[in-house]
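Colleague: I'm new to this one. Can you put it up and walk me through a few spots?

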Amino acid sequence: MNQLVELPPFPEVIDNSQRSEFVRCPQSWAYRYLFNWQPKIKSIHLRAGGAFATGVEIARKAYYVEGMSDKDAVAEGWRGLINAWEDHPGDDFVKDSYSMSSALAYYFQAFPLKSDFVKPALFAGRAMVEFSAVHPLPISHPTTGQPILYYGRHDMLGQRVDSGQLMVVDEKTTGALGPSWVESWNLDSQFTGYIWLDQQSNIDVSTALIRGISITAHGNHAHAQSIQSRPAWRINQWVDQIVSDIEDMQRQYKRGWFSKSLGPGCKMYGGCAFKNVCCSNQPERWLAADFVQERYAPWEIKHVD
């Protein structure tokens with residue numbers, strides 16, 4: 001499928017997942033986000049992270065919006081995690097429903113709802129437990145001529161209790177934590193994009209708080225925090241970079257042929273979902289066997305009320 005004859009429409013909305021996938025491997029981006037081939041069995045890391053995020057979101061809404069006690073709110077969050085959990089036959093991973101339940105309980109011990117130094121910001125009386133936005137980028141769609149939109153959603157728009165400073169807040173689950181994990185977000189485009197989106201919504205924010213929880217088979221979890229600042233020049237740099245990346249997407253789209261990584265991108269953590277597809281001279285067989293075509297549009301998903 002590297003030599004493509006009939007192409008689907010170019011995406012009208014771009015997010016950090018698409019941008020990161022394209023930079024890693026344009027061919028993988030085309031399979032996943034242009035032709036909408038999604039693995040029949042979602043990565044355990046995506047499944048576990050999604051269930052954990054659902055649990056945290058439900059617990060926060062139960063506490064800050066519904067007025068539950070901290071213990072009842074965490075219990076409500078745990079039920080949300082279990083309801084969101086996706087088991088698959090043959091699963092045998094450290095990240096299972098038990099370890100993720102343990103990690104959720106640990107998270108709220110490390111960052112108690114009652115005494116957390118950052119709380120959901122209030123806008124028009126609404127606690128911003130989650131925040132999503134779509135805004136136009138300074139680049140046009142190759143077919144419609146309309147601006148391409150950028151989408152992002154982070155776990156909470158927080159506000160420091162001590163100073164009132166607004167912060168993008170997001171949780172990450174991982175295998176190990178340490179100084180390298182804290183520093184790994186220094187140049188990460190995901191949080192630069194979140195801050196840009198918030199600023200486009202006239203929200204005075206330039207800092208992100210990333211909280212990490214390590215997941216282990218024995219329940220001896222650890223936590224860490226990384227506070228990331230994005231000054232104006234870094235935001236402008238990010239805009240220039242994503243526009244350049246989208247221009248490259250459009251060039252490869254117009255020629256109907258997408259480059260392959262054939263290197264580090266093929267050895268990504270957790271393995272590339274399309275490895276067997278690219279190793280075959282009959283990729284369509286692998287796609288039909290291991291993938292389904294589902295439109296990628298997280299900006300249309302209704303989240304927890």
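Colleague: Leaving aside neighbours within four places in sequence, which residues is Ala222 in contact with?

Modeller: Tyr106, Leu177, Gly212, Ile213 and Ser214, where contact means heavy atoms within 4.5 Å. Keep in mind that this is a predicted model, where local features need pLDDT of at least 70 and side-chain atom pairs count only at pLDDT 80 or more, while totals for chains, interfaces and linings use all residues. Residues are numbered from 1 along each chain as its sequence is written, and side-chain values use heavy atoms, with hydrogens and water left out.

Colleague: Where is Ala222 placed?

Modeller: In the loop between β10 (207-214) and β11 (223-229). Helices (H or I, at least four residues) and strands (E, at least two) are DSSP runs, numbered from the N terminus. Ala222 is partly exposed, with a relative accessible area of 30%; buried is under 20%, exposed is over 50% and partly exposed is in between, using a 1.4 Å probe and protein chains only.

Colleague: How far apart in space are Ala222 and Asn236?

Modeller: 35 Å, C-alpha to C-alpha, though they're 14 residues apart in sequence.

Colleague: Back to β10 and β11. What's the strand order in their sheet?

Modeller: β3-β8-β9-β10-β11, an open sheet of 5 strands with mixed pairing. Two strands pair if DSSP finds at least two bridges between them.

Colleague: Which strands stand at the edges?

Modeller: β3 (118-120) and β11. Each has a single partner strand, so one side of each is left without a neighbour in the sheet.

Colleague: And in which sense do β9 and β10 pair?

Modeller: Parallel, over 7 bridges, with β9 covering residues 166-174. Thr174 stands opposite Ser214 in β10, and Ser214 is also one of the contacts of Ala222.

Colleague: Which helix lies across β8, β9 and β10?

Modeller: Helix α7 (residues 189-200), running at about 150° to β9. Axes are lines fitted to C-alpha atoms, for helices over the stretch in contact, and angles run from 0 to 180 degrees between N-to-C directions.

Colleague: New topic: is Asn36 buried or exposed?

Modeller: Buried, with a relative accessible area of 18%. Asn36 lies in the loop between α2 (26-34) and β2 (37-39).

Colleague: What does the side chain of Asn36 reach?

Modeller: The backbone nitrogen of Tyr296, at 3.2 Å. Beyond four places in sequence, the contacts of Asn36 include Tyr31, Val292 and Tyr296.

Conventions
A polar contact is a pair of N or O atoms within 3.5 Å; within protein, one must be able to donate a hydrogen and the other to accept it, and residues adjacent in sequence count only if both atoms are side-chain atoms.
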